[in-house]
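Please keep the sequence and the model in view while reading the points below.

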Amino acid sequence: MANYLKDIFNDFKELARSKRKENKKFFERLNGLDISALNDQFHAMHEEVFAETDCLQCARCCRATGPLLNKQDIARISKKQGMKPAVFEAKYLRVDEDGDWVMKSLPCPFLALDTNKCTIYEYAPKACKQYPHTDHSNMKSILGLTETNVRHCPAVFEMVERMKKG
Ligand code: SF4
Ligand code: SF4
């Protein structure tokens with residue numbers, strides 16, 4: 001396990017909560033940056049932190065958050081699972097308060113709990129492959145989501161901590 005992840009993983013929920021106010025102010029400052037400066041900061045940190053991150057030692061996103069699924073995800077995964085989309089939806093999904101398809105239960109039913117591996121990785125939802133989106137081409141457009149992800153993803157938490165110091 002990378003050092004930073006080992007250091008923060010066990011107390012992550014509490015630690016992230018304790019930084020909430022401080023991070024709110026920091027994100028207000030980030031919001032004042034232009035698109036290109038914001039992208040540069042996040043993209044550099046994304047590279048740096050993920051080079052030190054073994055997601056198989058974490059899997060918080062698969063255990064506690066789960067993805068939003070679009071129609072293409074549902075069509076692709078249900079086909080691979082040999083089910084009709086409606087049967088797949090009924091078995092695994094629910095519609096959340098924003099009207100999006102999400103997993104009915106967490107941890108995600110496609111997570112192998114003993115290894116933290118995704119059992120459908122080759123055809124997993126697009127959002128799973130893109131999470132936590134810190135290499136997005138317009139970070140300004142997802143700044144609110146990224147502030148939320150500080151409390152869900154230790155890698156994003158670490159990126160923000162390093163940005164504050166930098
Ligand atoms: S929560 Fe973040 S660090 Fe943990 S597995 Fe997911 S992407 Fe990796
Ligand atoms: S589909 Fe795979 S990557 Fe996505 S949340 Fe489930 S286990 Fe994780």
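The shell around ligand 2 divides into 10 nonpolar residues, one polar residue and no charged residue. The model is a predicted one.

- The residues around ligand 2 include the cysteines Cys-62, Cys-108, Cys-118 and Cys-128.
- Gly-66, Pro-67, Phe-110, Leu-111, Ile-120, Ala-124 and Pro-125 are also among the residues around ligand 2.

- Around ligand 1 lie Thr-53, Cys-55, Cys-58, Ala-59, Arg-60, Cys-61, Tyr-131, Pro-132, Cys-153, Pro-154 and Ala-155.
- Two elements, α5 (60–65) and α10 (154–165), each give two or more residues to this shell.
- By class, the shell around ligand 1 consists of nine nonpolar residues, one polar residue and one charged residue.

**Helices α4 and α10**

- The axes of helix α4 (residues 35–50) and α10 come within 9 Å, and they cross at roughly 120 degrees.
- An angle from 65 to 115 degrees would count as roughly perpendicular and one over 145 as roughly antiparallel; α4 and α10 are therefore oblique to each other.
- The crossing of α4 with α10 is right-handed.
- On the α4 side, the contact is formed by Gln-41, Phe-42, Met-45, His-46, Val-49 and Phe-50. These residues meet Ala-155, Glu-158, Met-159, Arg-162 and Met-163 in α10.
- The contact of α4 with α10 has seven nonpolar, two polar and two charged residues.
- Ala-155 belongs to this contact and is also one of the residues around ligand 1.

**Helices α6 and α7**

- Helix α6 (residues 71–80) and helix α7 (residues 85–92) have axes that come within 9 Å and cross at roughly 95 degrees.
- Because of this angle, α6 is roughly perpendicular to α7.
- Ile-74, Ala-75, Ile-77 and Ser-78 of α6 meet Pro-85, Phe-88 and Glu-89 of α7.
- Sorted by class, the residues of the contact between α6 and α7 are five nonpolar, one polar and one charged.

**The sheet**

- Strands of a sheet pair through backbone hydrogen bonds, in either a parallel or an antiparallel manner.
- In this model, three strands form an open sheet in the order β1-β3-β2, with antiparallel pairing.
- The edge strands are β1 (68–69) and β2 (93–95), each of which pairs on one side only.
- β1 pairs with strand β3 (residues 101–103) over two bridges, in the antiparallel sense.
- The bridge partner of Leu-68 in β3 is Val-102.

**Backbone features in loops**

- Most residues other than glycine have a negative phi, and most peptide bonds are trans.
- The peptide bond from Leu-106 to Pro-107 is cis, with omega near -5 degrees. Pro-107 lies in the loop between β3 and β4 (111–112).
- A cis peptide bond also runs from Tyr-131 to Pro-132, with omega near 5 degrees. The loop between α8 (126–130) and α9 (143–149) holds Pro-132, and both Tyr-131 and Pro-132 are among the residues around ligand 1.
- Ala-59 is a residue other than glycine with a positive phi, near 60 degrees. Ala-59 is placed in the loop between α4 and α5 and is another of the residues around ligand 1.

Definitions and conventions:
Residues are numbered from 1 along each chain as its sequence is written. Chains are lettered from A and ligands numbered from 1 in the order in which they are written. This is a predicted model: local features need pLDDT of at least 70, side-chain atom pairs count only at pLDDT 80 or more; totals for chains, interfaces and linings use all residues. A residue is near a molecule or strand if its C-beta atom, placed from the backbone, lies within 6 Å of it. Helices (H or I, at least four residues) and strands (E, at least two) are DSSP runs, numbered from the N terminus. Ala, Val, Leu, Ile, Met, Phe, Trp, Tyr, Cys and Pro count as nonpolar, Asp, Glu, Lys and Arg as charged, and the others, Gly among them, as polar. Two strands pair if DSSP finds at least two bridges between them. Axes are lines fitted to C-alpha atoms, for helices over the stretch in contact, and angles run from 0 to 180 degrees between N-to-C directions. Angles under 35 degrees count as roughly parallel, over 145 as roughly antiparallel, 65 to 115 as roughly perpendicular and the rest as oblique. A crossing is left-handed if the near helix is turned anticlockwise from the far one by less than a right angle, and right-handed if clockwise. Two residues are in contact if their C-beta atoms, placed from the backbone, lie within 7 Å.
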